[in-house]
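Here is a short briefing on a protein chain.

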Amino acid sequence: VLSVNRAALDAASATGNQDARARALTELGKAYVHQRQFDQAITCHQQALEIYRETGNRHGETQVLVNLGYANRVMQQFDQAITCHQQALKICRMTGDRYAESHTLNNLGIDYDDLRQFDQAIACLQVPRLDCHDGKRRLRRQQGAGRARAEAPRVQRDGSFFFRDSR
């Protein structure tokens, strides 16, 4: 996994595409966390964060802050994890990204739980998530409709339709 992500980073760097480079750094950072190589993971995430901030990519910035917070939490650097997750939460709320907000609040709740700050953990984990789940359902319906339109020519044969059980 690391070699594939390093190759992706090299390719992105060669093209000069900063967004692709930041995404590759983020994925490499996640791979390093999985391999428990935390110093390398944090370095990759910090480099990606710099790029996202320079290019104004708020969504990428949010994602990498959540990943950086997770890496810090795994290293038991809970204050740093909370700082990263609070920064991500602020961006989510500014941009109106309810799904990322829900994900970030979940991570923040876990951070507080790990610190045994249960009231704060509960406050984060009890925030209503209905809007986020409804949005995911709408997205799935839209994706399903898109797949149905794409598959329609294959399903229709000689003026008759073949129906499949979608379960």
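How many helices and strands does the chain have? The chain has eight helices and two strands; helices (H or I, at least four residues) and strands (E, at least two) are DSSP runs, numbered from the N terminus. Along the sequence the pattern reads α-α-α-α-α-α-α-α-β-β. This is a predicted model, in which local features need pLDDT of at least 70, side-chain atom pairs count only at pLDDT 80 or more, and totals for chains, interfaces and linings use all residues. Residues are numbered from 1 along each chain as its sequence is written, and side-chain values use heavy atoms, with hydrogens and water left out.

**Chain totals**

- Of the 167 residues, 35% count as buried. Buried means under 20% relative accessible area, exposed over 50%, and partly exposed in between (1.4 Å probe, protein chains only).
- The accessible surface of the chain is about 10,600 Å², with 50% of it belonging to carbon and sulfur atoms. Accessible areas come from the Shrake-Rupley method with a 1.4 Å probe; for residues, only the protein chains shown count as cover.
- Among contacts between residues at least 6 apart in sequence, 45% join residues at least 24 apart. Contact means heavy atoms within 4.5 Å.

**Nonpolar cores**

- In soluble globular proteins, nonpolar side chains tend to be buried together.
- The largest nonpolar core holds 27 residues. Such a core is a set of buried Ala, Val, Leu, Ile, Met, Phe, Trp, Tyr and Cys residues joined through side-chain atoms within 4.5 Å.
- Leu25, Leu28, Tyr32, Ala48 and Leu65 have the most contacts inside the largest core.
- Helix 1 (2-15), helix 2 (18-34), helix 3 (38-55), helix 4 (58-74) and helix 5 (78-95) each give two or more residues to this core.
- A second, separate core has seven residues, including Ile82, Tyr112, Ala121 and Cys124.

- Leu9 sits in helix 1. Leu9 counts as buried because its relative accessibility is 15%.
- Beyond its neighbours within four places in sequence, Leu9 contacts Arg21, Ala24, Leu25 and Leu28.
- The C-alpha atoms of Leu9 and Ala22 are separated by 8.4 Å, and the two residues are 13 apart along the chain.
- Ala48 is in contact with Ala22, Leu25, Thr26 and Val64, leaving aside neighbours within four places in sequence.
- Thr26 belongs to helix 2. Its relative accessibility is 7%, so Thr26 counts as buried.
- Not counting residues up to four places away in sequence, Thr26 touches His45, Ala48, Tyr52, Val64 and Asn67.

**His85**

- His85 lies in helix 5. Its relative accessibility is 0%, so His85 counts as buried.
- Which side chain makes a polar contact with the side chain of His85? The partner is Asp111, at 2.4 Å. A polar contact is a pair of N or O atoms within 3.5 Å; within protein, one must be able to donate a hydrogen and the other to accept it, and residues adjacent in sequence count only if both atoms are side-chain atoms.
- Leaving aside neighbours within four places in sequence, the contacts of His85 include Leu65, Val66, Gly69, Tyr70 and Asp111.

**Largest pocket**

- About 300 Å³ of space lies in the largest pocket. A pocket is an open set of points on a 1 Å grid over the protein atoms alone, where a 1.4 Å probe fits, with protein on both sides within 12 Å along at least five of seven lines; lining residues have an atom within 4 Å of a point. Grid points are joined across faces, edges and corners, and a volume is the space filled by probe spheres set on the points.
- The lining has 17 residues, and the closest to the pocket centre are His59, Gln63, Val64, Asn67 and His103.
- Helix 2, helix 4 and helix 6 (98-114) each supply at least two lining residues. The largest share, seven residues, comes from helix 4.
- Asn67 is in helix 4. Asn67 counts as buried because its relative accessibility is 19%.
- Apart from neighbours within four places in sequence, Asn67 contacts Thr26, Lys30 and His45.

**Positive phi in loops**

- Most residues other than glycine have a negative phi.
- Arg36 has a positive phi near 65°. Arg36 is found in the loop between helix 2 and helix 3, and it counts as exposed at 56% relative accessibility.
- Arg116 also has a positive phi, of about 65°. Arg116 is in the loop between helix 6 and helix 7 (118-125), and is exposed with a relative accessible area of 63%.
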